Amino acid sequence: YFQDIYKPVDFIDITGGIRTDIHQVFGQSTNPRCGVVLRPLDRMMMKLLYGTAFRSPDYRQSYVKTGDWTIGNEDLKQEHIETPEIELRYDFTKRIFSKINLYKSRVTDMIVTQKVLGGKKYVNSETPIDIQGFEYTIKFFYKMFDAYINYSYNETKDHLTEKLLYGRPVNMANGGITYKVIENIRLNSTLSYIGEIKRSDE
């Protein structure tokens, strides 16, 4: 793994890096990452990010058969993902800030389930999968309390058909509040919302 940071002027940071992983089963994977951080105002920060990554199938996806429902597949390949992203943060005060992330990813060889006789089987998608959306967060801090609200909109589509993939919600939201009782004890309450989930790919 290698990373370097370059600061041409006070309000711009440029970071570049590259990582190589060698897997006993899947071989070598090299992935770059780069980012530019801009601070045009004291209270505003913008990040421009780009990177690639991979994910190897886990043991369950490769070998486990769960009754007659889901069947593992020893021939699965690694997933590969490429993501450009923009993040904008604004500090309203010292205690309140918000940020929004915009992203658009492309996943090749994404691991999905396919209907087979007797249940479903894990397979690699034959076509790329496009994931795009945004996430908005606002956080508040005051003495012993901190709270946040988060909303995300996410579309996961087949690159060729542009159909939404089943099993993945488009809308999600959550919020929470934390109270610091003493130094090492905190009370936390959270509330989550998951929007409608498409149950089949028909």
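Lys143 counts as exposed, at 69% relative accessibility (exposed is over 50% relative accessible area, buried under 20%, partly exposed in between; 1.4 Å probe, protein chains only). The model is predicted: local features need pLDDT of at least 70, side-chain atom pairs count only at pLDDT 80 or more, and totals for chains, interfaces and linings use all residues. Residues are numbered from 1 along each chain as its sequence is written, and side-chain values use heavy atoms, with hydrogens and water left out.

Lys143 sits in the loop between strand E11 (129-142) and strand E12 (145-158). Its phi is positive, at about 50°, although Lys143 is not a glycine. Most residues other than glycine have a negative phi. Asp109 is another non-glycine residue with a positive phi, of about 60°. Asp109 is partly exposed, with 21% relative accessibility.

The protein chain contains one helix and 14 strands (DSSP runs, numbered from the N terminus; helices are H or I of at least four residues, strands E of at least two). Its radius of gyration is 21 Å, well over the 17 Å of the globule rule for 202 residues, so the chain is more spread out than a compact globule (C-alpha atoms; the rule is 2.2 Å times the number of residues to the power 0.38). Along the principal axes, the C-alpha atoms fill a box of roughly 60 × 40 × 40 Å. Of the 202 residues, 29% count as buried.

Contacts (heavy atoms within 4.5 Å) were examined by sequence separation. Among those with a separation of 6 or more, 48% are between residues 24 or more positions apart. The side chains include 28 positive and 26 negative ones (Lys and Arg against Asp and Glu; His and the chain ends are not counted). The centres of the two sets lie 6 Å apart, with charges placed at NZ of Lys, CZ of Arg, CG of Asp or CD of Glu.

Asn31 belongs to strand E3 (residues 27-41). Asn31 is buried, with a relative accessible area of 10%. Its side chain makes a polar contact with the side chain of Ser29, at 3.1 Å (N or O atoms within 3.5 Å, one able to donate a hydrogen and the other to accept it; sequence neighbours count only if both atoms are side-chain atoms). The Asn31 side chain also reaches the backbone nitrogen of Ala53 at 3.4 Å. Leaving aside residues up to four places away in sequence, Asn31 touches Gly17, Ile18, Arg19, Thr52, Ala53 and Phe54.
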